[in-house]
Amino acid sequence: MATNNEIAIKHTNQSQFPKVDFNNLDFGKYISDHMVVANYANKNWGEPEIIPYGDLPMSPAMLSLHYGQSIFEGMKAFKMKDGNISIFRLKKHHARMNKSLARMCMPQISEPMFTETLRTLIELDHQWVPSSEGASLYIRPIVFASEPRLGVKVSDLYKFIIMTTPVGPYFSKPYRLKVEDHYVRTAEGGTGFAKCAGNYGGAFYPAQVAKEEGFDQVLWTDHKDHQYIDEVGMMNVMFVINGKLITPSLNTAILDGITRDSILTLAKEMNFPIEEKRIKLTELEKSAKDGSLTEAFGTGTAAVVAPIQSFNIHGVDYTIPLPDANSFQLKVKKQLQDIRSGVTEDKHQWNHIIKIK
Ligand SMILES: *Cc1c(COP(=O)(O)O)cnc(C)c1O
């Protein structure tokens, strides 16, 4: 795609905007008026266009439904205090999407194609970006195999779509976790580092079992012997132990979260000691018992931080203090919010600014 080309836009004649209740934004309830669509065929992406959000025709033989070539991203756009819009860490999300695509044998998407289609979409639907504190426009790019064919093969046809949904501030109620010692989300060498649809499908059942047992979520452990911590639900996980921020080091079973990376970067700037390492369940157990474990939380684009109130190892509950005003997790959440809204300086050029005339 040539970057100087205007992207063709088909405007909706039935805007859903007047129906949106911006005081009650359940995650994903309202989808904005327009979406980006591009098709891949003959080993090339065709010209992307923007069309009204709506249903697409599909073949029941579409390969993604049968063999799972389907990946996505999740990022957010914020209304800044000067009226412009910032997309948080766009480049890093684009790079991660290409990693997911490569792992699933799917074609790469160029940065201009990603950035320019998204810019045009956000300019067009800029009204949909909420302006209340902590609210944002959640952006969901997806790519999936669209070739209709029943034989097992790598698809020759794909669709790239970007849709958006306004979301309110997301306050997760503190999690009571079950430390998973039977099921795994993924294994090293698998697809855990890729944001592919199947990782979610496979994680639903263990999460449902945990819910039936009275927990809110699962704390995933390593696939070999369930001795090390991987992630929490569909978020990365962090602990404060003896005043140090500790998080599992990345491997192929762990998703390289952009919130995780941002929080580690800000912690360094705050002179908060950090360590990325394999975290042993026994260390967590011991530090919860002796009180040196003072915070535990999940990190991800949707919630930013989600406090953890307890975890259960083989039937024994360990509780963690709930965050208060001096907690690291709330301080760092506020810092992130201030960078995104333009209240404090964006030293790392994390904001991709879209000027609204
Ligand atoms: C998306 C995701 C995360 C969080 O990543 P962010 O870039 O911070 O949103 C963590 N774990 C899993 C499994 C995920 O899919």
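1. Among contacts in the protein between residues at least 6 apart in sequence, where contact means heavy atoms within 4.5 Å, 71% join residues at least 24 apart. The model is a predicted one, in which local features need pLDDT of at least 70 and side-chain atom pairs count only at pLDDT 80 or more, while totals for chains, interfaces and linings use all residues. Residues are numbered from 1 along each chain as its sequence is written, and side-chain values use heavy atoms, with hydrogens and water left out.

2. As to overall dimensions, the C-alpha trace spans about 60 × 55 × 35 Å along its principal axes. The radius of gyration, taken over C-alpha atoms, is compared with a globule rule of 2.2 Å times the number of residues to the power 0.38; for 357 residues a compact globule would come near 21 Å, and the protein has 21 Å, which agrees. Of the 357 residues, 51% count as buried, where buried means under 20% relative accessible area, exposed over 50% and partly exposed in between, with a 1.4 Å probe and protein chains only.

3. The secondary structure comes to seven helices and 19 strands, these being DSSP runs numbered from the N terminus (helices are H or I of at least four residues, strands E of at least two). Helix α3 has 14 residues, 111–124, and should span 20 Å at 1.5 Å a residue; its end C-alpha atoms are 20 Å apart, so the two values agree. The expected span is 1.5 Å times one less than the number of residues.

4. Which residues of α3 are buried? They are M113, F114, T115, E116, T117, L118, T120, L121 and I122.

5. F272 and F328 form a tilted pair, at 4.5 Å centre to centre and 35° between the planes. Because F272 lies in the loop between α5 (258–269) and β15 (274–277) and F328 in helix α7 (residues 328–341), the pair ties together parts that are 56 residues apart in sequence. F272 is partly exposed at 22% relative accessibility, whereas F328 is buried at 2%.

6. F311 and Y318 form a stacked pair, at 5.5 Å centre to centre with 20° between the planes. F311 is buried, with a relative accessible area of 1%, and Y318 is also buried, at 8%. Elsewhere, ring pairs link Y40, W45, F114, Y158 and F160 into a cluster; F114 is also one of the buried residues of α3.

7. R278 lies over the face of Y228, at 3.8 Å from the ring centre, and the charged end of R340 sits over the ring of F88, 4.3 Å from its centre.

8. H226 is found in the loop between β11 (217–221) and β12 (229–232) and counts as buried at 14% relative accessibility. Its side chain has a polar contact of 2.8 Å with the side chain of T221 and reaches the backbone oxygen of E180 at 3.5 Å. A polar contact is a pair of N or O atoms within 3.5 Å; within protein, one must be able to donate a hydrogen and the other to accept it, and residues adjacent in sequence count only if both atoms are side-chain atoms. Not counting residues up to four places away in sequence, H226 touches E180, D181, H182, Y183, V184, T221 and L281.

9. K43, in the loop between β2 (34–41) and β3 (44–45), likewise has a positive phi, near 65°, in a residue other than glycine. K43 is exposed, with a relative accessible area of 67%.

Terms used
Rings of Phe, Tyr and Trp (its six-membered ring) pair if their centres lie within 6.5 Å; planes under 30 degrees apart count as stacked, over 60 as edge-to-face and the rest as tilted. A charge sits over a ring if NZ of Lys or CZ of Arg is within 6 Å of the ring centre and within 35 degrees of the ring normal.
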